[in-house]
Amino acid sequence: MADIITSGQVSRVVGPYLNKVFTDTYKKAKPQWKMVFDEISNPNDRSYHEDVILAGLGTAQQLPEGQPTPLISSGQMYSAIYNYEQYALGFGITNIAYQDGRHAALGEAYSKFLGTSFLEAKELNAANVLNFGFNAALQVGGDRVALFSASHPLKFGGVDSNLLPAAALSQTSLENANIIVRNALAFDGTKAINLSIMKLIVPPALEQQAKILMHTTLRTGTTANDINPVGNAYSSLQDIVCLTRLTSTTAWFLKTDCDRGLLIAQRTEMEKRTEPDFLTATLQFAATERYKLYFTDWHGAYGNAGV
């Protein structure tokens, strides 16, 4: 009696190959989001991730001899809760395609497309944290205001801002932005946060201008022999990141050295599966992953809507 080749056997033969093609495509890419978002190493095992921001205690007070130490009530500034999002996609190879010997070519092509699709989803989600950052109707943080706002509340009263005055990307606007960042207030109203700019984030339309500003030794647009303070080797601002999914051609952003600014929590790594469909004899290949791209501490990014 002749052996019967079942769809399950086909799955075991073709599945590992499609897995490899998909994984190679996914891992060989150079994600733009990784240059902007910091990864949380141990996200929790719930359906959401929670970040709690604590305010500081203000400035230490001079204590006269014999007087009791003052106790300050500070505590929680706000709690930010982010629900994980699941992304899934797949494709099928029909039994006819397998019989005609087209399964290898089709499977390889669509496995590459599938890997690209997951990469594109993550790039779009990352860029949208910045794209939506000026509009509280689309996205708010734990303090219930937009990511880029002039009304971020402080613990003991008052507000601070990470919304830069609208201006085209230039030597002057970058220098002014650096002053604003260096003068940032911590949640307790002190300057103990001591922020520094680490990266300039731009859309493709501003990439060349950003390179000119960053990679020239002397100040741009002038005949004066002054050093370029934003492109100087001693400046904290050293990197340019071009995010090709940014929707505005004039907006630009700054990433600071704040610990919990722009973040990604990966709830589950990429899961791949290959299964045959009994009724149609179609070999199905699918992948899923769960994560959330978000921000916790607004000090991590400053935004300029441009002009």
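**Exercise 1. Work out which residues of helix α5 (residues 207-214) are buried in this predicted model, and where they lie on the helix.**

Step 1. In helix α5, which spans residues 207-214, the buried residues are A210, L213 and M214.

Step 2. When one looks down the axis of α5, these buried residues fall within an arc of 90 degrees, so they line one face of the helix.

Step 3. The buried residues of α5 pack against α4 (171-182), β7 (197-202) and β8 (239-242).

**Exercise 2. Determine which parts of the chain are tied together by the salt bridges D51 with R260 and K292 with E85.**

Step 1. The structure holds six salt bridges, and in one of them the closest N and O atoms of D51 and R260 are 4.0 Å apart.

Step 2. Since D51 lies in strand β2 (residues 48-54) and R260 in the loop between β9 (252-256) and β10 (262-276), this pair ties together parts that are 209 residues apart in sequence.

Step 3. Buried means under 20% relative accessible area, so D51, at 7%, counts as buried, whereas R260, at 32%, counts as partly exposed.

Step 4. In the salt bridge between K292 and E85, the closest N and O atoms are 3.0 Å apart. K292 lies in strand β11 (residues 283-295) and E85 in strand β4 (residues 85-93), so the pair ties together parts that are 207 residues apart in sequence.

Step 5. K292 is buried, with a relative accessible area of 18%, while E85 is partly exposed, with a relative accessible area of 30%.

**Exercise 3. Describe the largest cavity by its volume and by the residues that line it.**

Step 1. The structure holds one cavity of 30 Å³ or more, and the volume of the largest cavity is about 30 Å³.

Step 2. Its lining is formed by Q32, E123, A126, A127, L243, T244 and R245.

Step 3. Sorted by class, this lining has three nonpolar, two polar and two charged residues.

Key
Residues numbered from 1 in each chain as written. Predicted model: local features only at pLDDT ≥ 70, side-chain atom pairs only at ≥ 80, totals over all residues. Heavy atoms only, no water. 1 Å grid on protein atoms, 1.4 Å probe; cavity = no way out; pocket = protein on both sides within 12 Å on 5 of 7 lines; lining within 4 Å. Points joined across faces, edges and corners; volume = space filled by probe spheres on them. Nonpolar A, V, L, I, M, F, W, Y, C, P; charged D, E, K, R; others polar. Buried < 20%, exposed > 50% of the residue type's maximum accessible area, 1.4 Å probe, protein only. Helix = DSSP H or I, 4+ residues; strand = E, 2+ residues; numbered from the N terminus. Arc of directions from axis to C-beta. Contact = heavy atoms within 4.5 Å. Salt bridge = Lys/Arg side-chain N within 4 Å of Asp/Glu carboxyl O.
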